[in-house]
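User: I am new to this structure and would be grateful for a close look at a single part of it. Please treat that part in one connected account.

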Amino acid sequence: MSQPHSPANAPNTAPTPAQPQLERNLIWIVLRFLFRIFCSTWLRVSVSGTEQLNLQTGGLLLLNHQSFLDPLVAAVWLPRPVCFLARDNLFRIPLLGTLLRNAFVIPISREAARTSSIRAALTQLEQGFLVGIFPEGTRSETGEVRQFRPGFLALARRTNQPIHPVGVAGTLRALPRKALWIRPVRIHIHFGPPITDGERQDLQDKPDADLCERMRSRVAECVRQAEQRL
């Protein structure tokens, strides 16, 4: 049975372009510490495949989406922040907006041009951050990995950083739709290997529908491996 990840076996935390900023971000450090305690006790979160990540560079993470917990549990055991995209109106909520800004969340507007969000995400990647996106676009009600929307391809095609499929399992049971509280269940996150040079070339050459299905299959395989470790 997989055990929760701990600092003793955490990935190497060699200096990265993002770390000087992190050393001054006390809010992020405190939030991560508190949520690690919650994830290792109440939720019993475990993780595998972190050796696939190069923590000295940026990276794009493609994740399945089961619950609002997904971005939190997917990043909690990493020594680096993962910059997720969130609706810009959330930043206008008192306190929540401050937390989001200090958790490196990237605001995205439904009214503004999509290129502004892509540009912000690319900037974070170039600065050495990990950027996480949910290509399904919305939470899955069954836990099955839904069809990917092609919007994520605009970012995938513009970055030279590694692109990893990531599978999250257990969050649907922990916090399903309309649930009022987080249930104490096991959750596992599996990080898959980065896409190959051939797959990266296909990003430029293949139709969007083919690429969406190929990336969806890669993420679905990571979900399968995560479910086996629950």
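What volume does the largest pocket have? Please also describe its lining and the aromatic residues of the structure.

Analyst: The model is a predicted one. Its largest pocket has a volume of about 1,800 Å³. Rolling a probe the size of a water molecule over the atoms shows where empty space is left.

The lining of this pocket consists of 43 residues, and those nearest its centre are P71, F84, L85, A86 and F134. By class, 29 of the lining residues are nonpolar, while seven are polar and seven are charged. Several elements contribute at least two residues each to the lining. The helices among them are α2 (26–43), α3 (70–75), α4 (96–102), α5 (114–126) and α6 (152–156); the strands are β3 (82–87) and β5 (130–133).

One of the residues nearest the pocket centre, L85, is also a contact of S117. S117 belongs to helix α5, and it counts as buried because its relative accessibility is 3%, below the 20% limit. Leaving aside residues up to four places away in sequence, S117 touches P107, I108 and S109 as well as L85.

The structure holds five aromatic pairs. One of them joins W28 and F104 in an edge-to-face arrangement, with 6.1 Å from centre to centre and 75 degrees between the planes. This pair links distant parts of the chain, since W28 lies in helix α2 and F104 in the loop between α4 and β4 (106–108), 76 residues apart. Both partners are buried: W28 has a relative accessibility of 10%, and F104 has one of 5%.

A further pair is formed by F35 and F38, whose ring centres are 5.8 Å apart; the planes meet at 35 degrees, so the pair is tilted. F35 and F38 both lie in helix α2, three residues apart, which is about one turn of the helix. F35 counts as buried at 18% relative accessibility, whereas F38 is partly exposed, with a relative accessible area of 22%. The two fall on either side of the 20% limit, which is why they are classed in this way.

W28 and F104 also belong, together with F129, to one aromatic cluster. Finally, a charged residue meets a ring elsewhere: R139 lies over the face of F68, at 3.8 Å from the ring centre.

Conventions: Residues are numbered from 1 along each chain as its sequence is written. This is a predicted model: local features need pLDDT of at least 70, side-chain atom pairs count only at pLDDT 80 or more; totals for chains, interfaces and linings use all residues. Side-chain values use heavy atoms; hydrogens and water are left out. On a 1 Å grid over the protein atoms alone, a cavity is a set of points where a 1.4 Å probe fits but cannot get out, and a pocket is an open set with protein on both sides within 12 Å along at least five of seven lines; lining residues have an atom within 4 Å of a point. Grid points are joined across faces, edges and corners, and a volume is the space filled by probe spheres set on the points. Helices (H or I, at least four residues) and strands (E, at least two) are DSSP runs, numbered from the N terminus. Ala, Val, Leu, Ile, Met, Phe, Trp, Tyr, Cys and Pro count as nonpolar, Asp, Glu, Lys and Arg as charged, and the others, Gly among them, as polar. Buried means under 20% relative accessible area, exposed over 50%, partly exposed in between (1.4 Å probe, protein chains only). Contact means heavy atoms within 4.5 Å. Rings of Phe, Tyr and Trp (its six-membered ring) pair if their centres lie within 6.5 Å; planes under 30 degrees apart count as stacked, over 60 as edge-to-face and the rest as tilted. A charge sits over a ring if NZ of Lys or CZ of Arg is within 6 Å of the ring centre and within 35 degrees of the ring normal.
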